Every structure is written in C-alpha cells, then in structure tokens.
Amino acid sequence: MTYSLNFAAVWRSFDLLLQGLALSLGLAVVAILAGCVIGLITAFGLVSKSVLLRKPAGLYVTIIRNTPILVLVLFSYFALPELGVRLGKIESFVLTLAIYSGAYLAEVFRGGLIAVPPGQREAGLAIGLTEMQIRTSIIIPLMLRNVLPSLGSTMISLFKDTSLAAAIAVPELTFEARKINVETFRVIETWIVASCLYVATCSLLAALMRAVERRLAVPR
Amino acid sequence: MTSLLEIRDLHKRYGTVEVLKGVDCSMRQGEVISIIGSSGSGKTTMLRCINMLEEFQGGTIAIDGQEIGYETADGVRRRKPEREIARQRALTGMAFQQFNLFPHMTAAANVMLGLVKVKKMSRDEARALAEKWLDRVGLLSRKDHYPGQLSGGQQQRVAIARAIAMNPKLMLFDEVTSALDPELVNEVLQVIKALAEDGMSMLIVTHEMRFAYEVSSRVIFMNQGRIGEEGNPREMFLKPKTERLAEFLKTSAFN
C-alpha cells in the first residue's frame with residue numbers, strides 16, 4: 001500500500017490551523033505571565049527564613065509538579081464544577097496552565113535566587129534600602145539574568161503544553177489539526193504541518209529569549 | 001557633648017557561641033579608629049552590629065544618641081520596625097571586603113541607587129552627586145563602566161563612593177583591602193586617608209598595620225570577643241601593654 005502525499009486539503013484549512021496557533025499563543029502568554037507572578041512569589045517563599053512561608057510554597061510545588069498536567073487539566077474542567085467552581089473551557093485551561101507553570105517557574109526562580117551572593121543584599125541594606133527595594137532593584141534583576149537560559153526552555157515547554165487543551169476541546173492548534181485530520185483523512189500531511197507550526201513558533205520563542213539574554217548581559 | 005557612637009556592653013551570640021562578650025566603646029565626631037585583632041576575635045562582627053547586618057542579644061549601640069536596632073519598653077527588648085532600621089542604617093556607610101557592587105549597574109548607577117531610593121533625590125541631582133564622588137575617588141572617567149570592567153581596586157573605590165555619597169555620619173570599613181592584589185591596596189588606602197583628612201568619622205577593621213598606625217587617632221585591639229587593649233597608635237604599636245597584643249603584632253609583621 002502506498003500513500004501519496006497531498007497537502008491540498010490541509011492548505012484549504014490552513015486558516016483554521018493559524019487560528020488555532022493564535023489561540024495557543026494567547027493561552028500560553030496569559031498563563032505564563034500569571035505563572036511568572038505566582039512563580040516569583042512562591043520562589044521567595046521557598047527561600048524564606050520563615051517556615052510559615054516555606055512550607056506552603058514547598059507543598060504547592062510538590063503537589064503541582066508531581067501531577068501530570070493532563071490530569072490537572074481534566075481535574076479543573078471536570079471535577080471543579082462538582083465542587084461548585086464552574087469555569088469555561090478556556091478559563092479553566094488558562095488557570096490550570098498558570099498554576100502548573102507557577103510551580104515550574106518557582107523552581108527556576110529559586111535556583112536563580114540562591115545564586116545571588118548574600119553580599120548584594122547586605123550592600124543594599126547598608127545604604128538604607130528596605131528589603132522590598134532590594135528585591136526589586138537588585139535581587140530580581142540579578143536573578144532574572146541567572147535564569148534566562150533555563151527560563152527559555154521552560155517557556156517553550158509550557159507553550160507546547162497548550163496542546164493538552166485539545167483534551168477539553170479548546171480550539172487551539174492541536175485540536176484544529178485533529179479536526180482536519182478527521183475531516184480530510186490526510187493524516188500525515190495534517191500532523192506534519194501542525195508540527196512545523198509548533199517548531200517554527202518555538203524556534204522564534206527561543207530566538208527571542210536569546211535576544212533578551214544578550215540585551216541584559218552584564219558587560220565585563 | 002554626646003558622643004557620635006556609644007557602644008555599651010555589646011553581646012552577640014551565634015547559637016551558643018558567644019562572639020562578643022561585652023564590648024564598650026565610645027567615639028567622638030571626626031575620630032578615626034582602627035580595629036585590629038586576629039580572625040575570629042569579633043572585630044568584623046562588632047562592625048556589622050553597628051549597622052544591624054548582625055542582630056545582637058545584649059547591650060546597646062547608639063549613634064548621635066539614637067539607639068540602633070532595638071528599643072526597650074516595659075522591660076521588654078524589641079527589634080525596631082524594619083523601616084526604622086533601614087533609616088538608621090543610612091546613618092552609617094559601609095565598605096565591604098568583597099566590594100559588593102551591584103554588577104548589573106554602572107559605577108554611576110551604583111552610587112545613584114541609594115540617593116534616588118533612600119534620599120529621594122531626583123535622578124539629575126543624584127547623578128551630579130554621584131559624579132562628584134566618583135571624581136573624588138579618581139574614577140569619574142569610569143562612571144559608565146560596569147563593575148566587571150573595573151579592577152578590584154577601582155571597584156572598591158566605587159564602593160566607597162557609593163557609601164560616602166549617602167552622607168553618613170560614620171563610615172565603617174570592613175577589611176576593604178583584604179581581597180585586593182597587593183599592588184591595588186594602596187590606591188584604596190589613599191582614598192580612605194583623604195577621607196580621614198576631611199574629618200570623616202571612621203571605624204576601620206584592617207590587617208594593614210602600617211596603615212592603621214598612620215591614619216588612626218585611636219586603635220582598638222580585639223581579643224576573643226572583648227577589647228583587649230586600646231590607645232593611640234604610637235603606644236599601641238610601639239609599647240603594647242598586654243602580652244596578647246605584643247604577640248599579635250609580632251605575627252602580623254608590623255615593624
């Protein structure tokens with residue numbers, strides 16, 4: 001049996017794939033931005049001297065990071081309504097990905113925080129800065145520079161996780177591809193094109209992160 | 001006349017290890033005091049208590065009559081609110097052994113940060129003052145350089161400018177030449193000497209005995225968490241009264 005490639009059917013539905021991609025990006029941007037905020041707060045909790053902050057932060061990371069994201073997606077879409085929390089598909093997925101990325105980013109940020117020498121904080125204290133001013137002007141900028149390389153791959157990973165929204169019928173790229181697959185039976189072509197779109201987007205994201213890295217590099 | 005710095009019965013413990021066992025010290029405006037002693041004698045710890053980089057468990061420290069770090073009400077000793085402590089820290093300036101410049105900021109931005117954030121100056125005012133002090137330490141031409149582009153000696157001079165630009169009442173120097181290559185030590189000592197001549201009050205923890213001898217109005221010898229001996233540099237270095245100090249000076253190659 002031979003299979004002859006024919007992309008015509010996929011091209012006819014290419015707009016759908018692009019719309020899907022746009023939604024994937026939208027989901028990722030909102031979720032990762034929220035995840036960065038959650039991750040940053042959690043990371044400071046993880047390195048805090050106070051057990052009252054450290055323990056809850058650790059518990060959050062442990063639970064979320066050790067649960068498969070698909071399980072979390074299904075849990076918040078199917079189980080949360082039973083508990084009285086009713087969210088739309090998209091809201092439910094963004095919330096899940098935000099909480100999931102928060103846990104991963106917390107660990108990334110924590111690594112960056114412990115790499116900032118304690119002398120930096122002391123120098124800030126010595127000129128009369130408050131702890132909060134030290135965080136915003138010194139610790140966070142230095143931490144970000146420390147984590148940029150690994151932050152890039154974490155973000156790419158999180159972007160690709162948007163494909164799991166297909167499981168609850170959010171019309172993002174993977175969901176649209178599956179629809180085209182079913183409607184046209186051009187199995188190979190559809191998934192090749194979808195894969196190419198993921199690869200292209202992630203490559204762009206990687207290039208963007210490298211540009212940020214170069215821009216923020218400390219001259220020496 | 002109240003003294004600039006008044007330390008009474010200062011006690012400091014790390015867990016069960018007592019590193020300061022009752023230190024008393026009083027300092028007048030314009031004095032330059034060097035603190036010498038072997039490592040582990042408590043000299044750096046004492047300095048770091050003065051700006052609350054270390055907590056201390058007993059005794060009081062006052063700058064210009066203002067009690068630092070703790071207040072006692074109804075017989076209960078409490079740490080002051082962080083905002084108040086931050087404000088009190090600005091009464092002193094500190095230069096560190098490892099310089100601790102902010103690596104992501106230029107020399108000028110390092111000096112400006114405290115002026116803008118703590119003194120609430122406009123960026124223009126802060127820049128002018130930063131440039132004035134960078135000029136004073138001989139580094140105006142390097143104002144746009146990042147710490148990583150400066151030598152150790154230059155970094156330390158920027159760090160001193162950063163501290164002094166805040167207009168502290170008292171400068172604390174914590175072994176500021178110990179991390180420097182020998183040929184870079186002198187440029188930093190010259191800067192400190194110039195500040196001394198301007199009448200800056202300074203507490204200098206140092207291993208540079210020759211420098212301590214030349215620049216200080218008084219020398220304190222710390223020994224096992226207490227002040228072992230103190231006096232003017234001539235007496236201290238040339239006619240030590242205690243066996244301990246004589247021993248220490250012998251090993252620290254002062255001659």
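This is a predicted model: local features need pLDDT of at least 70, side-chain atom pairs count only at pLDDT 80 or more; totals for chains, interfaces and linings use all residues.

Reader: Take C202(A). How far away is the nearest cysteine sulfur?

Author: It is 12 Å away and belongs to C196(A). A disulfide needs the two sulfurs within 2.5 Å, so C202(A) is in none.

Reader: Is C202(A) buried or exposed?

Author: Buried. Its relative accessibility is 9%, and the cut-off for buried is under 20%.

Reader: And C25(B), which cysteine sulfur is nearest there?

Author: That of C49(B), 13 Å away. C25(B) is in no disulfide either. C25(B) is also buried, at 4% relative accessibility.

Reader: What box do the C-alpha atoms fill?

Author: Roughly 75 × 50 × 25 Å along the principal axes.

Reader: What share of chain A is buried?

Author: 45% of its 220 residues.

Reader: And what about contacts across the sequence in chain A?

Author: Take the contacts with a separation of 6 or more. Residues 24 or more positions apart account for 78% of them.

Reader: Where does it bend?

Author: At L148(A), by about 60°. A proline, P149(A), follows within four residues.

Reader: Now L33(A). Where does it sit?

Author: In helix 2 of chain A, residues 14–46. L33(A) counts as exposed, at 55% relative accessibility.

Reader: On to chain B. What does UniProt list for residues 5–249?

Author: An unreviewed UniProt entry lists that span as "domain: ABC transporter". The span is 37% helix and 27% strand. Its end C-alpha atoms lie 27 Å apart.

Reader: There's an open sheet in chain B. What's the strand order?

Author: 2-1-4-5, four strands with antiparallel pairing.

Reader: Which strands are at the edges?

Author: Strand 2 (17–27) and strand 5 (66–67) of chain B. Each has a single partner strand, so one side of each is left without a neighbour in the sheet.

Reader: And how many bridges join strand 1 and strand 4 of chain B?

Author: Five, in the antiparallel sense. Strand 1 is residues 5–14 and strand 4 is residues 58–63. One pair to look at is E6(B), whose bridge partner in strand 4 is A62(B).

Reader: What about strand 8 of chain B, which strand does it run parallel to?

Author: Strand 9 of chain B, residues 170–174, with four bridges joining them. G93(B) stands opposite M171(B) in strand 9.

Reader: Are the faces of strand 8 covered or open?

Author: Both are covered. T92(B) and M94(B) are on one side, G93(B) and A95(B) on the other, and all are buried. In a regular strand, side chains alternate between the two faces of the sheet.

Reader: What does T106(B) touch?

Author: Leaving out residues up to four places away in sequence, T106(B) touches K143(B), D144(B), H145(B) and Y146(B).

Reader: Backbone next. What's phi at F99(B)?

Author: Near 65°, a positive value in a residue other than glycine. F99(B) also lies in the loop between strand 8 and helix 3 of chain B. F99(B) counts as buried, at 9% relative accessibility.

Reader: And phi at M52(B)?

Author: Positive too, near 60°, and again in a residue other than glycine. M52(B) is in the loop between helix 1 (43–50) and strand 4 of chain B.

Reader: Is M52(B) buried or exposed?

Author: Buried, at 3% relative accessibility.

Definitions and conventions
Residues are numbered from 1 along each chain as its sequence is written. Chains are lettered from A and ligands numbered from 1 in the order in which they are written. Side-chain values use heavy atoms; hydrogens and water are left out. Buried means under 20% relative accessible area, exposed over 50%, partly exposed in between (1.4 Å probe, protein chains only). Contact means heavy atoms within 4.5 Å. UniProt positions are given in the numbering used here, feature names are shortened, and annotations may be inferred rather than shown by experiment. Helices (H or I, at least four residues) and strands (E, at least two) are DSSP runs, numbered from the N terminus. The bend at a residue is the angle between axes fitted to the seven residues ending there and the seven starting there. Two strands pair if DSSP finds at least two bridges between them.
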